[in-house]
Protein chains: 2
Amino acid sequence: MVDLNRGSALGSSGASELFQLLRDGQPRTRAELAALTGLARSTIAARVETLMALELISPVGDAASTGGRPSSQFALNASARIVLAADLGATHATLAATDLAGVVLGEVHEDIDIASGPEAVLGWMVSAARQLLDELGRPHHDLIAIGVGVPGPVQHSTGRPVNPPIMPGWDRFDVPGWVQQHLEVPVLVDNDVNIMALGERAFAWPNTEHLMFVKVATGIGAGVISGGLLQRGAQGIAGDIGHVQVARGAGIPCHCGNRGCLEALASGPAIAKALREAGLDVASSRDVIELVKRGNIEAIQAVRQAGRDIGEVLTAAVSLINPSVIAIGGSMARAGEHLIAGVREIVYTRSMPLATEHLSIVQSSAAENAAVLGASMLAIHHALSPAGVDALSPRA
Amino acid sequence: MVDLNRGSALGSSGASELFQLLRDGQPRTRAELAALTGLARSTIAARVETLMALELISPVGDAASTGGRPSSQFALNASARIVLAADLGATHATLAATDLAGVVLGEVHEDIDIASGPEAVLGWMVSAARQLLDELGRPHHDLIAIGVGVPGPVQHSTGRPVNPPIMPGWDRFDVPGWVQQHLEVPVLVDNDVNIMALGERAFAWPNTEHLMFVKVATGIGAGVISGGLLQRGAQGIAGDIGHVQVARGAGIPCHCGNRGCLEALASGPAIAKALREAGLDVASSRDVIELVKRGNIEAIQAVRQAGRDIGEVLTAAVSLINPSVIAIGGSMARAGEHLIAGVREIVYTRSMPLATEHLSIVQSSAAENAAVLGASMLAIHHALSPAGVDALSPRA
């Protein structure tokens, strides 16, 4: 009746249990590992050998010894293997290779439309992956996982997009299955805003347990980290706040078929449309940002009002999940402080004092890199989990 | 940079790692335990001995053997120890004793005002605890933890209420410290709605990972379970939705100092006030429920409208955390289907189809027992955690 997190306590046969100890980068001796795990010395010796054969750990000089044979220390070998991190956007894609600490080793960009379908986009990704591995001089065997972010809802357990509105042809498409026909490693797929939340946390807030990342661009969505874990919800769509109704929205039609949705008022295209209707020469979100930067008062007021609308929905979020950080990213965050000022105005006015006492509402620090960094974290976390480590074989 | 859940893999010296395996109630032999943990046979033998001495596990007959000496099996001994579960409400308190599977062994009720302060209320709890242990014929040493629910925000890590509006004298009061002067066991304190969420899940939805419990009574609050874990948020006030503003609320003053809060429109007293202003003879929430049960059309409409207001806030919650169950409890849930019909009307109209496709919005099944059951779960989960087991000593 009570939750158990058995985690690595049940770690089957493997060397993974030891490895979980060494992932923090701190070197340890065999004796320290034995003391920390309660495993027999002979078991420790065998498991260290396995991890050394996988090159996941390496000796790092000798520990101070009280005489006799010096005791070797071992630590994570971050350069032993690599992961790939893909950020597949609406009209642009990025693929990066990172080491096991998330450091980017190389990156490829491409203008490609997600609406051209999974085979075209993933086909590009696979050839870009091969090119990247070749350029880095790393054999394919060094690759141990791929993390992929896409602009739509994803059933995380299977890696299949589910009813993604701007991804025609991708509904229930088996992304991992298709990619694995070409690159035989685990493929983790998630919604782009979820991976941006992971990336933002890794980059700027590694010790924060409760963080929301809000992306304001063509659409509006949030990634929610609570208790240190990404929250995906029952259908993998937690954080899909773009279609919550806001007070100012009465009657305004949204592309989802409903009226008054946040996205119909506060997204980049919605702000552009409102300014155009007010007689300004504005074709796109980019034009809005340009006007704001040039100090146009109507544009500044429109962006600030969009911030207030977003703040209205975030007030409910603050009450419901009580985060300590809300990071605002996405292309519209480039409009600077005006958007965030609107968010702050409403959240701080309407929330209970205890909920906002220690709440930071800030611009994303990871910015353009949030998605790639988050996809890398997703891949590393999976590959270096106990089950992931048990599944690895030594390099050729 | 990546989350580790080291859990019991680092389980210090103790026997706790083995015990986590046996908590599911399934009997296992020493050989099975050795295979599952990778620990040496000699280590297993010592740890089984420790757990037997604590009486947390017992032999349960002999496993089929291939000849030679039969292998004993061991399983959780749910009756070995007990926990206490307290539900301290605004004007009424309950204290129950349960076994390690959450089965209630005895219960005491008392009309006591939470506003009479911590020493009066906790003093009653301590003497009720002694009385209960005596009546059950269990020595004090059998008690291994106490779970306590209170009607206000709590800093869960310290067990101190924080700015609780209806609990004068309790602000930052060291509840565990005070109780432990009389009963020397771990004391876990949490908000009443949080423990109701735990209780509802244990009672009716043990396999549901994403559940919201919404209490509608004198106040309105929610307990959020995501990914199988209770979410308390950064300040322990996650789920405090009573003061989110709703559209219909414009201008209506709330006791919190703001205007238009959900609680000022849809709580029991708010509905009673609205009906009184419409000329009905209604003094309390109880009168509202009576009228509804007698089929009074104004009362039914008022309750249904309260459901719609609650639904407005829950629509944001559904987008944000994507639960698969929303259970509605608290005294106003006794008004039957009218309240829930209002909630459903708005949530199903305004949410994205994917979010509501598999969403159940239902009346609480645990009802009055949700809080006591949840407090018991809180206590058991702590006492039987690896650290909790390591801290136990054999019975006198």
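Which residue forms a salt bridge with Arg308(A), and how many Å apart are the closest N and O atoms? In this predicted model, the partner of Arg308(A) is Glu345(A), and the closest N and O atoms of the two residues are 2.8 Å apart. Arg308(A) belongs to helix 10 of chain A, whereas Glu345(A) belongs to helix 11 (residues 337-350) of chain A, so the pair ties together parts that are 37 residues apart in sequence. Neither residue is counted as buried, because Arg308(A) has a relative accessible area of 25%, and Glu345(A) one of 29%, while the term buried is kept for values under 20%. Both are therefore described as partly exposed, Arg308(A) on the one hand and Glu345(A) on the other.

Further salt bridges were examined in both chains. Over all chains, the structure holds 24 salt bridges. In general terms, side chains of opposite charge can pair when their charged atoms come close. One of the pairs in chain A is made by Asp171(A) and Arg172(A), with 3.3 Å between the closest N and O atoms. Asp171(A) is partly exposed at a relative accessible area of 39%, and Arg172(A) is likewise counted as partly exposed, with 43% relative accessibility. In chain B, a salt bridge links Glu337(B) to Arg344(B), and the closest N and O atoms of this pair are 3.3 Å apart. Glu337(B) is partly exposed, its relative accessible area being 43%, and Arg344(B), at 27% relative accessibility, also counts as partly exposed. Salt bridges that share partners also form one network, in which Arg304(A), Arg308(A) and Glu345(A) are joined.

The interface between the two chains was considered next. Contacts between chain A and chain B involve 66 residues of chain A and 66 residues of chain B. The size of an interface is often given as the accessible area lost when the parts come together. For chain A and chain B, this buried area is about 5700 Å², and 59% of it lies on carbon and sulfur atoms. Between chain A and chain B the count of salt bridges is 0, whereas 18 residue pairs are found in polar contact across the interface, with both residues of each pair at pLDDT 80 or more. On the side of chain A that touches chain B, the element that gives the most is helix 10 (residues 297-321) of chain A, which supplies 5 residues. The residues on that side of chain A comprise 31 nonpolar, 25 polar and 10 charged residues.

Within chain A, the domain assignment gives domain 1 (10-76), domain 2 (82-185 + 371-391) and domain 3 (205-365). The centres of domain 2 and domain 3 of chain A, taken over C-alpha atoms, are separated by 27 Å. Contact between these domains involves 4 residues of domain 2 of chain A and 4 residues of domain 3 of chain A, and the area buried between them is about 320 Å², of which 59% comes from carbon and sulfur atoms. In domain 2 of chain A, the residues that lose the most area to domain 3 of chain A are Pro153(A), Val154(A) and His156(A), which together account for 72% of what that side buries. The rule finds 0 salt bridges between domain 2 and domain 3 of chain A, and the count of residue pairs in polar contact between these domains is 1, with both residues at pLDDT 80 or more. The side of domain 2 of chain A that touches domain 3 of chain A is made up of 3 nonpolar residues, 1 polar residue and no charged residues.

Several loop residues were also examined individually. Pro186(A) is located in the loop between helix 5 (175-180) and strand 10 (187-191) of chain A, where it counts as partly exposed at 30% relative accessibility. Leaving aside residues up to four places away in sequence, Pro186(A) touches Ile144(A), Ala145(A), Ile146(A), Gln180(A) and His382(A). Although Pro186(A) and Gly147(A) are 39 residues apart along the chain, their C-alpha atoms are separated by 8.6 Å.

Positive phi values in residues other than glycine were found in both chains, including Ala367(A), whose phi is near 45 degrees, and Glu55(B), whose phi is about 65 degrees. Ala367(A) lies in the loop between strand 15 (360-363) and helix 13 (370-383) of chain A, and is partly exposed, with a relative accessible area of 33%. Glu55(B) is found in the loop between helix 3 (41-53) and strand 2 (57-62) of chain B, and counts as partly exposed at 29% relative accessibility.

Technical notes
Residues are numbered from 1 along each chain as its sequence is written. Chains are lettered from A and ligands numbered from 1 in the order in which they are written. This is a predicted model: local features need pLDDT of at least 70, side-chain atom pairs count only at pLDDT 80 or more; totals for chains, interfaces and linings use all residues. Side-chain values use heavy atoms; hydrogens and water are left out. Contact means heavy atoms within 4.5 Å. Buried area is the accessible area (1.4 Å probe) that two parts lose on being put together, summed over both. A salt bridge is a side-chain nitrogen of Lys or Arg within 4 Å of a carboxyl oxygen of Asp or Glu. A polar contact is a pair of N or O atoms within 3.5 Å; within protein, one must be able to donate a hydrogen and the other to accept it, and residues adjacent in sequence count only if both atoms are side-chain atoms. Helices (H or I, at least four residues) and strands (E, at least two) are DSSP runs, numbered from the N terminus. Ala, Val, Leu, Ile, Met, Phe, Trp, Tyr, Cys and Pro count as nonpolar, Asp, Glu, Lys and Arg as charged, and the others, Gly among them, as polar. Buried means under 20% relative accessible area, exposed over 50%, partly exposed in between (1.4 Å probe, protein chains only). Domain bounds come from an automatic or database domain assignment.
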